[in-house]
Every structure is written in C-alpha cells, then in structure tokens.
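Dear colleague,

Please find below the structure that I am handing over to you. My notes on it follow, and I would be grateful if you read them with the structure open.

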Amino acid sequence: MKPCLLQVGALLPALETTLNERYDIVPLWKQPDPAAYLARHGAEFVGAVTSARFGADTALINAMPNLKVISSFGVGYETIDIALARSRGIPVGYTPDVLNDCVADTAFGLVMDVARQFSASDRFVRRGDWQKGTYPLTTRISGKRLGIMGLGRIGRVIAKRAGGFDMEVRYHNRKPVADVAYAYEPTLKGLAEWADFLVIASAGGPETRHLVSKEVLAALGPQGFLVNISRGSVVDEAALVQALEARTIAGAGLDVFGDEPRVPERLFALDNVVLLPHLASATHETRKAMGDLVLENLRRFFETGRVAVAVP
Ligand code: 8YV
C-alpha cells in the first residue's frame, strides 16, 4: 500500500503527476469542506505536501495525529508551525539553494528596472508617447552602493551579481557573517542611509515583520531605491506606499506583498514602482529543481526516516 499524503494546495502539474504515482495523494483544497474533511480523515495521513505559500499551520498539523513528515515546496517556512512539528518529531523538508540564482536574478532585474525604468518606459512606447518627446533621464546603477538586508544564501548570490556591476556592497544581519569581505552595518537604518539600493533578502515571519519601517524608508531617502524579493511582511507596506507617492524614496521594485495576491491599488498609478506577481523562483528550471527536492525529501524520509534537506 502506498503511503497516504495530504496535498494542501495545487503544485506544478508534473510534480503532482509523480506524487500521485508514488503516493496515495488527497488534494485538500479540492474537498468541498476542507476543514470538515480533515476532521473526519486527518488520522489517515502520514505525510503532508505543502508550499511556502500554503504552509502548514497549527490546526492543519493538529488535525493529523499520525503525521510523520512534511515536504514543502519553497525556501520560506514562516507559514509552517515548525515548533509544533519539532515537538511531535515530524521532520520538515524544504527546497533551499536550488532557487538562489533565479531569486538573485530577479532582485537584479528589479534593481535595473526600477532605476532604469524599463517597465515604465515600455509603457511610454506602447502609449505612443515617444512620438511626442523623449523619455526623462533615469538613474545609473553601475558603481552604486547596494545594501543587502539578510546576507543568507540568496543575499550572497545577490552580492555576487552586484560585483558584476562594480557596485559596493554592505549588509545588515542580526550578526556579522564570518566568511565574507563585505562591510557589516550594525543597523538597518544605517544600511539604508548608506545605500543607493536597499535589497531585502531576509526571511519572513514575526521576527522580521515591518523591519523596513517609516524610519528606515526615510533613511533611504529621495535618491534611494528599495527592492524586496523576500516577504511583503518585512516592509511596512502602508509606509512604503506613502513614501512612493510622496517621492520620499526614489522608487521600489517589489516581487512580494503583505497580502498576496492583493497589491495596494494606489501603487498602480505610480511609475516609480515595479510590481511583480511573486515570480522570483518561477522559471521552468528552478521550479523543476524545487519539485525534485520535494520528491527527494519524501523518498528519503520513507527510506531512512530523515528528509534530504530539513528546515533548520
Ligand atoms: C515560491 C517562495 O513562490 O520559496 C519560497 O519561499 O516564496 C517562492 O519560491 C513559493 O514557494 C511557491 O509557493
């Protein structure tokens, strides 16, 4: 008999196909009343497949008394109750590293787009405005100062990309990182004051909530750009909208928002912000690699009792 796994939300079709070949998969979101379904059938599941987006909250984990493993699609795990999983001895597999390049590429795409105004000037051409005059000058990025909040796996790759643009890099973390040559800024405000571009690459969750505050945005200043490829929750979004409208920062490139897929509509009118639909890891290659790791975490667990890559 195949192990019975609960699938919390929709995943890549190819990943779903393989999951269904190897396991007895129940798609929770397709049940007419998911909560009632879980209350009745929770005890049948030994595993759960989820994603950074869907998570596995306290209620979900508690509804499965025989749960032995969670495999999550994504590097972020702030939506999973890790403490509860740990207390029940449930390993949680996730998919770090394989997405570093594409997320860093997206961060750089946003740096370039918001400063050089590619999206906004594309709209200018499509509107036929080029015939009426030239597009206003934009801001150089090569040789500028790039501040990274969160010099983790992804932050380091962003720093490497910055080297290709002759940018000076500094970073802020809770603690200095031992093995890097970049200068450490002990406060986020200090980093924002220094930076031309402040790139947010930290984890989400309560510990980083609204760290990019009104004060940090003020420190970034009217020449400074914010780029966020981590989680919308890290930024005080109301303060950001105000700062962009009032031009107290120069612009922002955002792949993530506080309440996805809802984006503050006041931003739609602004050309100093680039809005992406949380697509940083969304390439064929990276999503395939993430899916493979979701499968490998499960395979390894059912073979050895341990997932291949566990949440720390
Ligand atoms: C994905 C992400 O969009 O890995 C993460 O934490 O936010 C993204 O790579 C997400 O996992 C899809 O649910």
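How many bridges join strand 7 to strand 8? In this predicted model, two bridges join them, and the two strands run parallel. Strand 7 covers residues 168–172. Within this pair, R170 has A183 of strand 8 as its bridge partner.

Both strands belong to an open sheet of seven strands, whose order is 8-7-6-9-10-11-12 with parallel pairing. Strand 8 (183–184) and strand 12 (273–275) each have a single partner strand, so they stand at the edges and one side of each is left without a neighbour in the sheet. Helix 7, residues 153–164, packs on this sheet and touches strand 6 (145–149), strand 7 and strand 9 (197–200). The direction of helix 7 makes about 175° with that of strand 6.

An unreviewed UniProt entry lists residues 108–280 as "domain: D-isomer specific 2-hydroxyacid dehydrogenase NAD-binding".

The loop between strand 11 (251–254) and strand 12 contains G258. Leaving aside residues up to four places away in sequence, G258 touches G232, S233 and E237. G258 and E237 are 21 residues apart along the chain, and 6.8 Å separates their C-alpha atoms.

Finally, the ligand is surrounded by residues including R53, F73, H278 and S281. The shell around the ligand has four nonpolar, five polar and one charged residues.

With kind regards

Definitions and conventions:
Residues numbered from 1 in each chain as written. Predicted model: local features only at pLDDT ≥ 70, side-chain atom pairs only at ≥ 80, totals over all residues. Pairing = 2+ DSSP bridges. Helix = DSSP H or I, 4+ residues; strand = E, 2+ residues; numbered from the N terminus. Contact = placed C-beta atoms within 7 Å. Axes fitted to C-alpha atoms, helices over the stretch in contact; angles between N-to-C directions. UniProt positions renumbered as here; feature names shortened; annotations may be inferred. Near = placed C-beta within 6 Å. Nonpolar A, V, L, I, M, F, W, Y, C, P; charged D, E, K, R; others polar.
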